[in-house]
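Q: I would like to learn how to read a protein structure feature by feature. Where should I start?

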Amino acid sequence: ERILASALQEMLKTGKGDRIVFLSDLVTGTLKDLILRWLNEFGSKEYLPYEPLAYEPLRQANQLVFGFDGIPTYRLHQADFLISFGADFLETWLSNVEYSRQFSSFHAPHTSGKNQFIHVGPRLSLTGANADSFAHVPPGSEYLVALGMLRIILDENLRPGLLPKEKTGLHALVKDWPIQVITDNTAVKEQTLKTLAQKFTRARHPLALAGSTGTRPTEAAVAANLLSMLIPGASQTIDWQNRSALSEVIRAGQMKEMNEKMKKGEVDLLLIHRANPLFSLPPSWGFDQALKKIPLVVSFTDHPDETVAFAQLILPIHSPLESWGDYSPRKNVWGLMQPVMGRISNTRHLGDILLSVG
């Protein structure tokens, strides 16, 4: 800690506090507030919360269709018809524990029957196995099923209340995809597409979800958003106010910009907390060469990894099983974390280290 404190003191003397960068995994709650305040005291605004799976295609689709840069909270339990285009919400997608509970409520039998769930995807996942109907399609072609539904809705005027401007825009989107081409590429029959389109438009509160992996994830998310936009009642199933904490994760483009700054020697101190970009970033970016350009790389970690190997200073921290803390998975939701065991090595909590060094 004295080595880090000495380096920070020297940077303050020379007015280089703005050349400090803090790279971490997704951190929320009190610890995030502390990191931001700590950096601000040194004159830096370079805090980069990094996650390899940042759901960027979903964020981009939300920006394109709804003008919302972020990931909302979905309310599966308030939908009366659900269709998923590769979104495995019972496995790993966004908040699978929360959505598993919501799905059980959505799928429970009630006085008027049972809500229907359709899954479109390339494999029979846990989510697909729990669907009422599973449409098996080639990888990356999920978006074509959504486009086929949109085309049928427009061609058969299943949503007569659409404004002329909206119809024109949607027609321009699907005009290059005749139904025959879609059925040839997905092996989904035209009658199946018509049935899906009819069920979706007849529902009062339908919800269309899309995954963020595969070869065409942004297209699938855009098409799913357009389907949800067609039905006014679908807005009840999407909570735009309480967005997911994953909305705060930096985009790939921002990470690439920082990588170039590091290569140009514009970063004097890089602090890394539980992030391993050297493992997950494309080798062509040359992140290892960028790390070599930085005078001091400090790693706060509880285990060695590819990025830690390039650090000149390693400050061991508690593992999550040894740590107290708090976490906010989305806006207006907070939870406490407590350790399940005492510390087994000479480690400290990141917050204690920052306070001590600061």
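Q: What share of the contacts in the protein chain with a separation of 6 or more comes from residues 24 or more positions apart?
A: Residues 24 or more positions apart account for 70% of those contacts in the protein chain. Keep in mind that this is a predicted model.

Q: How many helices and strands does the protein chain have?
A: The protein chain has 14 helices and 13 strands. Its C-alpha trace spans about 70 × 45 × 35 Å along the principal axes.

Q: What percentage of the residues counts as buried?
A: A residue is buried when its relative accessible area is under 20%. In this chain of 358 residues, 50% count as buried. The chain exposes about 17500 Å², and 53% of that comes from carbon and sulfur atoms.

Q: How should I read the charges, and how far apart are the mean positions of the positive and negative ones?
A: Side chains of opposite charge can pair when their charged atoms come close. This chain has 36 positive and 36 negative charges, and their mean positions are 3 Å apart. As for pairs, a search of the whole structure finds 18 salt bridges.

Q: Which residue forms a salt bridge with R19, and where do the two lie?
A: The partner of R19 is D268, with the closest N and O atoms 2.9 Å apart.

Q: Are R19 and D268 buried or partly exposed?
A: R19 has 25% relative accessibility and therefore counts as partly exposed. D268, at 15%, counts as buried.

Q: Which residue pairs with R75?
A: R75 forms a salt bridge with D239, and their closest N and O atoms are 3.4 Å apart. This pair also links distant parts of the chain: R75 is in the loop between β3 (73-74) and β4 (81-85), D239 is in strand β8 (residues 238-239), and 164 residues separate them. R75 is partly exposed at 27% relative accessibility, whereas D239 is buried at 9%.

Q: What about E98: which side chain does it meet in a salt bridge?
A: E98 meets R330, at 2.5 Å from N to O. R330 is partly exposed, with a relative accessible area of 21%. E98 is also partly exposed, at 21% relative accessibility.

Q: Now the surface. Which residues form a nonpolar patch there?
A: The patch consists of L321, V340, M341 and I344, which together have about 420 Å² of accessible area. M341 lies in the loop between β13 (333-337) and α14 (350-357). With a relative accessible area of 35%, M341 is partly exposed.

Q: Where is E322, and is it buried or exposed?
A: E322 is in the loop between β11 (313-316) and β12. Its relative accessible area is 11%, so E322 is buried.

Q: Which residues does E322 touch, leaving out those up to four places away in sequence?
A: E322 touches P339, M341, G342, R343, I344 and T347. I344 is 22 residues from E322 along the chain, and their C-alpha atoms are separated by 8.5 Å.

Conventions. Residues numbered from 1 in each chain as written. Predicted model: local features only at pLDDT ≥ 70, side-chain atom pairs only at ≥ 80, totals over all residues. Heavy atoms only, no water. Salt bridge = Lys/Arg side-chain N within 4 Å of Asp/Glu carboxyl O. Buried < 20%, exposed > 50% of the residue type's maximum accessible area, 1.4 Å probe, protein only. Helix = DSSP H or I, 4+ residues; strand = E, 2+ residues; numbered from the N terminus. Contact = heavy atoms within 4.5 Å. Areas by Shrake-Rupley, 256 points an atom, 1.4 Å probe, with all protein chains shown as cover. Lys, Arg positive; Asp, Glu negative; His and termini not counted. Charge placed at Lys NZ, Arg CZ, Asp CG, Glu CD. Patch = residues over 30% accessible without salt bridge, like charges linked within 9 Å, V, L, I, M, F, W, Y side chains within 5 Å.
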